Amino acid sequence: MSLTKVRSSAGRGSPSAAFGCTPVSGRDNPHRSGTGVAASGHGWWDKGNCDNNRAKVFNCLYEWYTDNTWRQQDCSPTKELKPGGGSSNRTVARRDCGTTERTSWRNHVDVDVIGEIDTAEKPMNQADVNCRVR
């Protein structure tokens, strides 16, 4: 069955009925950590149109290299979180800096709602940070 057919068979219902739920993937801009000379990023989630109140969340930091590639520098452990974020309800990826040279970083977050089919995107925020690993 084609994607168009699946969507049309959902009728007047939302596309999420055919494809599962859409959580809101929360993430901040990569930034210098308040705990020292390190790049840092956080991940969290909100329910969106999902029913369950728990999701597995992790986030990863990527640094831009002069050879025009993004290189993964750190990923948080996967945590089971309730929706909403806050300092005790989020994941953190952090990587120590070799220098304070201004460099582009990305913070990607992945949310997997427990017990529901959800969307697979891994949205990111990008920012320049006074931190370079290499």
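A disulfide is taken here as a pair of cysteine sulfur atoms within 2.5 Å. In this predicted model, C21 and C50 meet that condition, with their sulfur atoms 2.2 Å apart. The structure holds 3 disulfides. When the bonded cysteines of the chain are numbered in sequence order, they pair as 1-2, 3-4, 5-6.

| Disulfide | S to S distance | S-S torsion |
|---|---|---|
| C21 and C50 | 2.2 Å | about 85 degrees |
| C60 and C75 | 1.9 Å | about 110 degrees |
| C97 and C131 | 1.9 Å | about -110 degrees |

**C21 and C50**

The torsion about this S-S bond is about 85 degrees, so the disulfide of C21 and C50 is right-handed. C21 sits in the loop between α2 (15–19) and β1 (24–27), and C50 in the loop between β3 (38–46) and β4 (55–65), so the pair ties together parts that are 29 residues apart in sequence. Are these two cysteines buried or exposed? C21 has a relative accessible area of 4% and is therefore buried, the limit for buried being under 20%. C50 is buried as well, with a relative accessible area of 5%.

**C60 and C75**

The sulfur atoms of C60 and C75 are 1.9 Å apart and form a disulfide. With a torsion of about 110 degrees about the S-S bond, the disulfide of C60 and C75 is right-handed. This pair links distant parts of the chain, with C60 in strand β4 and C75 in strand β5 (residues 69–75), 15 residues apart. C60 is buried, with a relative accessible area of 5%. C75, at 27% relative accessibility, counts as partly exposed.

Not counting residues up to four places away in sequence, C75 touches N59, C60 and A93. The C-alpha atoms of C75 and G41 are separated by 9.4 Å, and these two residues are 34 residues apart along the chain.

**C97 and C131**

A disulfide also joins C97 to C131, at 1.9 Å from S to S. The torsion about the S-S bond of C97 and C131 is about -110 degrees, so this disulfide is left-handed. C97 is found in the loop between β7 (91–96) and β8 (99–113), while C131 belongs to strand β9 (residues 124–132), so the pair ties together parts that are 34 residues apart in sequence. Both C97 and C131 are buried.

**Nonpolar cores**

Which residues make up the largest nonpolar core? This core has 9 residues in all: C21, W45, C50, A55, V57, L81, V109, V111 and V113. At least two residues of this core come from each of β4 and β8. β8 gives the largest share, 3 residues.

V113 touches C21, P23, W45, C50, N52, R54, A55 and D118, not counting residues up to four places away in sequence.

A second, separate core has 8 residues, including L61, W105, C131 and V133. C131 is the residue that a disulfide joins to C97.

Terms used. Residues numbered from 1 in each chain as written. Predicted model: local features only at pLDDT ≥ 70, side-chain atom pairs only at ≥ 80, totals over all residues. Heavy atoms only, no water. Helix = DSSP H or I, 4+ residues; strand = E, 2+ residues; numbered from the N terminus. Buried < 20%, exposed > 50% of the residue type's maximum accessible area, 1.4 Å probe, protein only. Core = buried A, V, L, I, M, F, W, Y, C linked by side-chain atoms within 4.5 Å. Contact = heavy atoms within 4.5 Å.
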